[in-house]
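Visitor: Hi! I'm new to reading structures, could we look at one together?
Guide: Happy to, here it comes.

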Amino acid sequence: MEEDPNGKHPMSATTHIHQTHTLSHEGNGRKISVKVLRQSDPRGGSHWETFEVPYEPGMNVTTVLQRIAANPTNAEHEHSTPVAYDSCCLEEVCGACTMVINGRVRQACSALVDSLLADSPEGIELRPMTKFKVVRDLFVDRSPMFAALKRIKAWVAVDGYHDIGPGPRISPREQDEAYPLSRCMTCGCCVEACPQFNDHSTFIGPAAISQAILFNAHPTARVERDDRLAVLTGVGGIVDCGNSQNCVKVCPKDIPLTTSIAKAGRDTTLYKIRQWFGR
Amino acid sequence: MAEHEHQAAESPADKYYFLIRRLHSLTGLVPVGVFLVVHLSINAMVLAPGPVGSEFQRSVERIHSLGPLLAPVEIVGIFLPLLFHALLGFVIIFTCQSNAQQYRYGSNIRYMLQRATGIIAFVFIFYHVWQMHWFGEWAGGGRFRLYDESGGALAATTTAATIQAAWWIAPIYAIGVLSAVYHLANGIWTSLITWGITIRPRSQQAAGYVCAALGIVLSLAGLGALNGFRALNVTEGTAQKTGHSVTAATRDR
């Protein structure tokens with residue numbers, strides 16, 4: 001599509017809603033203002049850059065970033081570079097494209113432009129998550145989250161690859177409890193919104209606590225239950241939760257994180273009592 | 001952040017991290033929280049029917065019947081746990097990075113308020129103890145008196161005179177009392193989660209209503225008592241109990 005020589009088109013929510021159904025695929029020349037907080041390398045120094053992206057019906061933020069990559073000309077008509085971002089599944093199951101969209105942490109792939117514009121007609125603002133080191137632009141290094149999963153041993157330990165027969169039976173009730181926790185994709189939303197997870201705190205974060213509860217409920221993974229509880233009773237463990245409960249509200253997978261946290265509060269207390277009084 | 005090399009060298013603070021933080025939660029409830037409830041209930045006695053301040057006087061006398069044991073009980077039972085709770089509270093506040101502006105959820109705002117009211121209550125309690133308690137006498141405070149020289153009741157009148165000494169004292173007390181009450185009510189709600197008693201959203205919500213009700217009752221008791229002391233006629237109250245007017249003299253003693 002040709003660049004509009006007159007540049008910006010003012011937008012309003014009402015015109016947008018009417019146009020959605022009548023537009024051709026080119027979007028009638030209407031453009032979305034997309035403000036991106038950019039950073040060229042991990043050493044810092046970020047700046048805002050605005051792009052005018054031609055509107056298309058049914059766009060998501062990933063599409064917007066693809067359109068910018070195809071034509072990286074900013075709103076000042078200067079030639080820029082494609083905006084770097086992480087992505088993989090494009091269907092909200094991998095967590096890679098997590099970023100702060102219009103002030104709220106979520107996945108770019110499931111952030112629909114139509115609903116974003118309905119809430120804020122002036123445009124879309126994209127920032128990288130603030131709790132992780134930025135690699136470039138919207139691409140952050142989420143490795144601290146995976147390190148936390150290693151600390152709490154978020155796995156079912158097996159001795160080898162030989163056939164050890166069927167595993168223990170898990171009742172449907174236990175499955176119903178465990179399944180929501182297993183949906184976690186380690187995306188980082190919960191820690192991004194958590195006021196206790198920051199660079200002057202050692203808090204391990206809601207995702208890892210919830211995974212500890214998930215694996216402690218598994219009949220085979222229970223073998224390492226006390227190892228997990230030892231981590232949760234250590235520095236940066238469960239006691240660093242401040243009960244702001246933002247985690248459960250921003251979780252894209254509706255994981256009952258605050259339930260896991262409260263269970264961890266109970267399990268760690270009992271674990272410590274067992275320890276102090278020698279079981 | 002969540003990059004951890006803590007396992008290497010464990011300091012005592014790290015080793016007893018969990019215990020220290022659970023003690024923080026516990027001291028907030030017992031004795032500090034219990035003390036606040038008792039304190040505000042006794043204050044509210046100023047509103048009791050009968051001769052002005054007599055029921056309040058009797059309640060305070062019951063506490064003072066501990067005699068020489070009162071000071072050690074106060075120090076070990078209230079001041080030290082309170083100081084531990086407050087100082088560790090400040091350490092905890094330094095690990096927080098509030099984002100209530102960005103994520104305006106009710107629970108997030110309550111989280112922010114819990115920290116703000118903790119600071120306000122701490123400053124207020126210092127002011128309040130200096131002003132009323134005999135601990136503050138050496139620094140020009142310590143206005144509260146149980147008896148005058150002739151054994152007349154002074155608990156209500158000295159309290160009222162202190163509150164009425166300037167127009168800004170009652171508002172400071174209102175802010176201080178409301179902060180302390182909020183901090184306790186919301187603190188009970190979070191402690192129920194901390195100790196793993198309310199696990200699911202429904203039980204947490206139910207506990208929220210109970211804590212809110214407790215907070216409202218304590219606020220009404222606290223503000224009611226404050227208003228009682230504010231409205232108490234200092235001259236009359238003293239004269240009624242002791243038979244002679246000693247207000248001005250005892251206030252400056």
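Visitor: What's going on with helices H7 and H8 of chain B, how do they cross?
Guide: This is a predicted model, so everything I tell you is computed from it. In chain B, helix H7 covers residues 169–194 and helix H8 covers residues 201–231. Their axes come within 9 Å and cross at roughly 160°.

Visitor: Are they roughly parallel or roughly antiparallel?
Guide: That angle makes H7(B) roughly antiparallel to H8(B), since angles over 145 degrees count that way.

Visitor: Left-handed or right-handed?
Guide: The crossing of H7(B) and H8(B) is right-handed.

Visitor: And what sort of residues sit in that contact?
Guide: The contact of H7(B) with H8(B) has 19 nonpolar residues, 6 polar ones and 1 charged.

Visitor: Staying in chain B, what joins Val30 and Pro31?
Guide: B:Val30 and B:Pro31 are joined by a cis peptide bond, with omega at about 5°.

Visitor: Which helix is B:Pro31 found in?
Guide: B:Pro31 belongs to helix H2 of chain B, which covers residues 17–44.

Visitor: Let's switch to chain A. How do helices H7 and H10 pack there?
Guide: In chain A, H7 (residues 206–216) and H10 (residues 257–276) pack at about 65°, and their axes are 9 Å apart. The two helices, H7(A) and H10(A), are therefore roughly perpendicular to each other. Their crossing is left-handed.

Visitor: Which residues meet there?
Guide: From H7(A), the residues include A:Pro206, A:Ile209 and A:Ile213. Among those they meet in H10(A) are A:Leu257, A:Ile261 and A:Ala264. The residues of this contact between H7(A) and H10(A) divide into 7 nonpolar, 3 polar and 2 charged.

Visitor: New topic: how many residues of chain A are in contact with chain B?
Guide: On the chain A side there are 39, in contact with 30 residues of chain B.

Visitor: Which elements of chain A give two or more residues to that side?
Guide: They are helix H4 (143–151), helix H9 (246–250) and H10 of chain A. H10(A) gives the largest share, 9 residues. Overall, the side of chain A that touches chain B has 10 nonpolar, 21 polar and 8 charged residues.

Visitor: How is chain A divided into domains?
Guide: Domain 1 of chain A runs over 13–140, and domain 2 over 142–276. The C-alpha centres of these two domains of chain A lie 32 Å apart. Where they touch, domain 1 of chain A gives 14 residues and domain 2 of chain A gives 14 residues.

Visitor: What gives the largest share on the domain 1 side?
Guide: Strand E4 (residues 104–107) of chain A does, with 3 residues. The side of domain 1 of chain A that touches domain 2 of chain A divides into 6 nonpolar, 5 polar and 3 charged residues.

Visitor: One last thing: what is the phi of A:Asp137?
Guide: A:Asp137 has a positive phi of about 50°, although it is not a glycine. A:Asp137 is placed in the loop between strand E6 (133–136) and strand E7 (139–141) of chain A.

Visitor: Is A:Asp137 buried or exposed?
Guide: A:Asp137 is buried, because 25 other C-beta atoms lie within 10 Å, and the cut-off for buried is 20 or more.

Visitor: And what about A:Thr186, what is its phi and where is its place?
Guide: A:Thr186 is not a glycine either, and has a positive phi of about 55°. The loop between helix H5 (172–182) and helix H6 (189–193) of chain A holds A:Thr186. A:Thr186 is buried, with 21 other C-beta atoms within 10 Å.

Definitions and conventions. Residues are numbered from 1 along each chain as its sequence is written. Chains are lettered from A and ligands numbered from 1 in the order in which they are written. This is a predicted model: local features need pLDDT of at least 70, side-chain atom pairs count only at pLDDT 80 or more; totals for chains, interfaces and linings use all residues. Axes are lines fitted to C-alpha atoms, for helices over the stretch in contact, and angles run from 0 to 180 degrees between N-to-C directions. Helices (H or I, at least four residues) and strands (E, at least two) are DSSP runs, numbered from the N terminus. Angles under 35 degrees count as roughly parallel, over 145 as roughly antiparallel, 65 to 115 as roughly perpendicular and the rest as oblique. A crossing is left-handed if the near helix is turned anticlockwise from the far one by less than a right angle, and right-handed if clockwise. Two residues are in contact if their C-beta atoms, placed from the backbone, lie within 7 Å. Ala, Val, Leu, Ile, Met, Phe, Trp, Tyr, Cys and Pro count as nonpolar, Asp, Glu, Lys and Arg as charged, and the others, Gly among them, as polar. Domain bounds come from an automatic or database domain assignment. A residue is buried if 20 or more other C-beta atoms lie within 10 Å of its own, exposed if 12 or fewer, and partly exposed in between; C-beta atoms are placed from the backbone.
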